[in-house]
Amino acid sequence: MGMAAFLGFARALRAAGVDASAERVHAFLRAVDVLRPGVRRDVYWAGRLTLCGDRDDLERYERVFAAYFGSGGTAAEPARTAPPPRLGLVVRDARSRPRTSAPDEDRAPPAATLASSAEVLRHRDVADLDAAERAQLHRLLAAFTLPGQARRTARRRPARRGDVDPHRTVRELLRHGGEPALLRRHARAERPRRVVLLVDVSGSMAPYADALLRFAHAAARGARTEVFTIGTRLTRVTRELSHRDPDRAMAEVAAAVPDWRGGTRLGELLREFLDRWGQRGMARGAVVLLLSDGWERDDPQLLGAQMRRLHRLAHQVIWANPRKARPGYAPLAAGMAAALPSVDAFVEGHSLAALERLAAVVRGRGERSGACETSFRH
């Protein structure tokens with residue numbers, strides 16, 4: 001699998017919020033090729049020096065690297081295990097004499113093998129994973145971030161370009177005794193849109209509910225994120241998911257949600273959400289994400305009507321259906337068919353790779369696949 005597996009690592013970093021551009025990824029692949037792709041330490045430093053753009057990226061990089069390549073040795077104590085590498089010296093040594101491996105490098109599996117294993121896991125259906133694969137999936141999901149698309153606000157901030165800021169310009173003139181001074185400018189500030197997740201925990205979603213709730217837990221780290229579970233009842237679980245430890249958060253959610261693996265009343269619960277929270281402002285201008293297979297035991301016309309209400313309030317409505325990836329799938333379930341006309345993007349949600357693409361859609365980025373997303377224009 002080779003370099004293709006390291007591309008998967010770069011995609012996981014993007015899902016965690018690291019701005020790993022195409023140029024940075026290309027530099028990472030070149031650095032790994034020059035160093036030793038099979039040695040965890042070399043891969044660690046190649047990625048850290050090429051893929052991270054600011055201080056905030058470092059903590060995200062540590063989490064994703066440990067989840068993707070395992071936590072053995074290199075990522076935990078990078079400063080003590082290896083000095084900052086000098087690429088020119090490394091290249092010269094590699095050409096002049098064979099390099100000896102450290103004892104921990106001999107014992108650890110090759111980094112390329114671990115990356116290939118993680119890349120295969122990215123595309124596996126969550127329902128088919130064993131316990132060890134689920135544990136690795138949970139570590140990778142814990143690194144996700146899910147900020148909403150940026151929107152312009154009424155507030156203004158100092159800027160190098162934009163409209164003239166008369167107040168700051170006059171203050172600058174007074175500071176110089178009335179002598180000519182540089183014009184001060186300002187521009188409209190931006191902030192991420194609120195993200196609202198409605199996660200189906202009914203019986204038909206049982207194989208996917210845990211992974212989707214962990215996805216929601218990672219998203220809930222954002223200040224403008226709300227999470228609800230839907231089944232036979234609507235439960236707000238934003239507070240329970242605020243715990244930093246994912247396992248503790250899942251335990252809190254399990255205790256708070258009374259309708260695990262029950263039926264599905266999508267239309268009635270969506271109406272309750274809109275009446276209690278959405279209409280009052282939570283859904284206004286927000287990115288609303290429904291994670292459900294669309295099975296509805298009540299009248300599908302009610303779901304269709306509430307979806308139209310939601311679509312009028314929200315900036316974007318995204319529906320992620322884990323069943324969409326199955327061969328021959330068609331949205332024939334009555335609830336899914338009634339909801340689709342009011343959905344802006346209909347995407348998959350069955351695997352880690354699908355959730356990475358879903359996160360990109362929520363952020364408003366162009367990482368979209370025609371096989372995994374259907375857009376509806378109104």
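**Pocket and helix packing**

1. The model is a predicted one, and I begin with its second largest pocket, which holds about 220 Å³ of space. The residues that line this pocket are Glu59, Arg63, Ala66, Ala67, Arg139, Ala142, Ala143, His217, Arg221, Arg244 and Pro246. By class, the lining of the second largest pocket comprises five nonpolar residues, one polar residue and five charged ones.

2. Which helix gives the most to the lining of the second largest pocket? That is helix H4, residues 55-69, with four residues in the lining.

3. Helix H4 also packs against helix H1, which spans residues 3-15, and the two axes come within 10 Å while crossing at roughly 140°. Since angles over 145 degrees would be needed for a roughly antiparallel pair, H1 is therefore classed as oblique to H4. The crossing of H1 past H4 is right-handed.

4. From H1, the contact with H4 draws on Ala5, Phe6, Gly8, Phe9, Ala12 and Leu13, while H4 supplies Tyr61, Val64, Phe65, Tyr68 and Phe69. Ten of the residues in the contact of H1 with H4 are nonpolar and one is polar, with no charged residues present.

5. Helix H2, covering residues 22-34, packs with helix H3, covering residues 40-51, at an angle of about 155° and with the axes 9 Å apart. The cut-off for the roughly antiparallel class is an angle over 145 degrees, and H2 and H3 are therefore roughly antiparallel to each other. Their crossing is right-handed.

6. On the H2 side of this packing, Arg24, Val25, Ala27, Phe28, Ala31 and Val32 meet a set in H3 made up of Val43, Ala46, Gly47, Thr50 and Leu51. The contact of H2 with H3 contains eight nonpolar residues, two polar residues and one charged residue.

7. H13 passes H14 in a crossing that is left-handed.

8. Which residues of H13 and H14 meet? In H13 they are Leu266, Gly267, Glu268, Leu270, Arg271, Leu274, Asp275, Gly278 and Gln279, and in H14 they are Leu302, Leu303, Gln306, Met307, Arg309, Leu310 and Leu313. Sorted by class, the contact of H13 with H14 has eight nonpolar residues, four polar ones and four charged ones.

Technical notes. Residues numbered from 1 in each chain as written. Predicted model: local features only at pLDDT ≥ 70, side-chain atom pairs only at ≥ 80, totals over all residues. Heavy atoms only, no water. Axes fitted to C-alpha atoms, helices over the stretch in contact; angles between N-to-C directions. Helix = DSSP H or I, 4+ residues; strand = E, 2+ residues; numbered from the N terminus. Parallel < 35°, antiparallel > 145°, perpendicular 65-115°, else oblique. Left-handed = near helix turned anticlockwise from the far one by under 90°. Contact = heavy atoms within 4.5 Å. Nonpolar A, V, L, I, M, F, W, Y, C, P; charged D, E, K, R; others polar. 1 Å grid on protein atoms, 1.4 Å probe; cavity = no way out; pocket = protein on both sides within 12 Å on 5 of 7 lines; lining within 4 Å. Points joined across faces, edges and corners; volume = space filled by probe spheres on them.
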